[in-house]
Each structure stands twice: as C-alpha cells, then as structure tokens.
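Please look over the sequence and the model before reading the points. They are meant to be checked against the structure one at a time.

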Amino acid sequence: MKKRRGSHAWELVNTYNYDTITKGAGPVDGHNETICSYRAEATHLLAMVTLLSRIEPFIKRKNPMVTLHTDSKSVLDTLKEKGKNTLKSIFQDHNDVIIQLKDCIAMSKINFEFEYVEAHQDETKTLTPEAELNIRVNDAAYEYFNTASYWTPSQRPINFPAQQITIQHQNTNKVTKIKQ
C-alpha cells in the first residue's frame with residue numbers, strides 16, 4: 001500500500017516441497033481514502049479461492065483440503081465470524097471483498113483452512129516454509145506495484161456476484177447479501 005493504491009499477489013505451491021505451481025499479482029480496487037493492507041490481504045485470498053474454485057471440477061480427490069496463509073489476523077477474524085449481515089457490518093469498509101470471499105468458500109467443495117503467518121520476517125535467519133512463501137508473495141506484490149505502469153486501480157470496487165445490493169454512501173459502496 002502506497003500513495004493510496006495497492007496491489008496483491010498470491011502463489012499456489014506444492015505442500016511437499018513448496019515448489020511453485022502457479023502465481024499471480026494484481027491491483028487492489030477500492031476508494032483511495034479507505035484502501036489498506038486489510039483489503040489487499042482479503043483480495044489475495046479471494047483471488048486464490050476463486051482460482052481454486054475454477055479448477056475444482058478437475059480435482060480428483062473426494063474431500064480436497066487447501067491451506068491458505070495470510071499475515072492479516074483481522075481478515076482471519078472476520079472470516080471466522082458467523083451469522084447474518086447487520087446494519088453495522090454493511091457499512092464497514094471492505095465488506096464487499098469479505099462477502100464475496102465467504103460466498104466463494106461456501107459454494108466450493110474444497111475445504112479451505114486459513115492460517116496466520118507472521119509478517120515482515122525478512123531479517124529472520126531461520127524461516128518456516130510458510131514465512132518464506134509470505135516474503136515471496138509480499139515481494140511479488142511490491143514488484144507488481146512498482147512495475148505495472150499500465151494499471152490504475154478503480155476508485156470504485158467492482159460489484160461482486162455475491163453482492164445482492166449495493167448502496168453508495170459518502171462516495172463509497174456499502175454492500176450486503178440479502179437472502180432471496
């Protein structure tokens with residue numbers, strides 16, 4: 001996050017040897033007044049869950065399980081919250097990404113497990129594979145941010161399919177999911 005713009009990156013690895021299977025990076029859309037690392041972390045998880053949901057039909061295992069890592073305890077805490085959207089939650093920043101993420105998780109046959117990995121361990125001598133992966137992903141997001149001259153994050157986030165109503169309030173989108 002810099003100059004009120006953000007980027008995210010992700011990497012899918014083989015858990016046996018942590019070799020990269022595929023990876024990606026992109027902008028973090030959102031109003032420049034409220035964009036923050038929380039939104040970037042939620043966006044990277046959404047990108048991973050969306051990718052895995054797309055390849056889900058080709059996965060041969062009966063009950064596939066995938067562990068995703070993030071260095072945002074706040075995003076993990078939000079994902080653990082159960083229940084309906086309240087008026088308070090509708091007006092929270094970044095609710096659009098969280099609603100879509102939760103919806104994608106609920107619609108998937110993949111069992112997603114989310115784990116916290118401590119951030120900014122670049123100077124640590126002995127790192128876990130997850131910490132090394134976190135450093136690589138942060139470096140990739142930083143590189144995308146500094147080299148992708150062709151992108152400009154949208155000031156208004158896109159409307160995700162899980163959003164069933166969007167209200168604009170004080171120049172930001174407020175979203176909720178309403179059961180039909």
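1. Basis. This is a predicted model, in which local features need pLDDT of at least 70 and side-chain atom pairs count only at pLDDT 80 or more, while totals for chains, interfaces and linings use all residues. Residues are numbered from 1 along each chain as its sequence is written, and side-chain values use heavy atoms, with hydrogens and water left out.

2. Overall make-up. The chain has 5 helices and 6 strands; helices (H or I, at least four residues) and strands (E, at least two) are DSSP runs, numbered from the N terminus. Along the sequence they follow the pattern β-β-α-β-α-α-α-β-α-β-β.

3. Of the 180 residues in the chain, 42% are buried (under 20% relative accessible area, with a 1.4 Å probe and protein chains only). Take the contacts (heavy atoms within 4.5 Å) between residues at least 6 apart in sequence: 67% of them join residues at least 24 apart.

4. Helices H1 and H2. The axes of H1 (residues 37-55) and H2 (residues 73-80) come within 9 Å and cross at roughly 60°. Axes here are lines fitted to C-alpha atoms, for helices over the stretch in contact, and angles run from 0 to 180 degrees between N-to-C directions. The two helices are therefore oblique to each other; angles under 35 degrees count as roughly parallel, over 145 as roughly antiparallel, 65 to 115 as roughly perpendicular and the rest as oblique. H1 contributes Tyr38, Glu41, Ala42 and Leu45 to the contact, and H2 contributes Ser74, Val75, Thr78 and Leu79. By class, the contact of H1 with H2 has 5 nonpolar, 2 polar and 1 charged residues (Ala, Val, Leu, Ile, Met, Phe, Trp, Tyr, Cys and Pro count as nonpolar, Asp, Glu, Lys and Arg as charged, and the others, Gly among them, as polar).

5. Helices H1 and H4. How far apart are the axes of H1 and H4, and at what angle do they pack? The axes are 9 Å apart and the angle is about 25°, which makes H1 roughly parallel to H4. The residues in this contact include Leu46, Val49 and Ser53 of H1, and Val97, Leu101 and Cys104 of H4. Its residues divide into 10 nonpolar, 4 polar and 2 charged.

6. Helix H4 by itself. H4 (residues 95-107) has 13 residues and reaches 18 Å from its first C-alpha to its last, close to the 18 Å expected at 1.5 Å a residue. The expected span is 1.5 Å times one less than the number of residues. Among the buried residues of H4 are Ile98, Ile99 and Asp103.

7. Helix H5. The 19 residues of H5 (residues 129-147) should span 27 Å at 1.5 Å a residue, and the end C-alpha atoms are 27 Å apart, which agrees. Buried residues in H5 include Leu133, Ile135, Val137 and Phe145. Strand S1 (7-13) and strand S2 (20-27) are among the elements that cover the buried residues of H5.

8. Met48. Leaving aside neighbours within four places in sequence, Met48 is in contact with Trp10, Glu11, Leu12 and Leu68. Leu12 lies 36 residues from Met48 along the chain, yet their C-alpha atoms are separated by 7.9 Å.

9. Tyr18. This residue sits in the loop between S1 and S2. Phi of Tyr18 is near 60°, a positive value in a residue other than glycine.

Note on methods
Buried means under 20% relative accessible area, exposed over 50%, partly exposed in between (1.4 Å probe, protein chains only).
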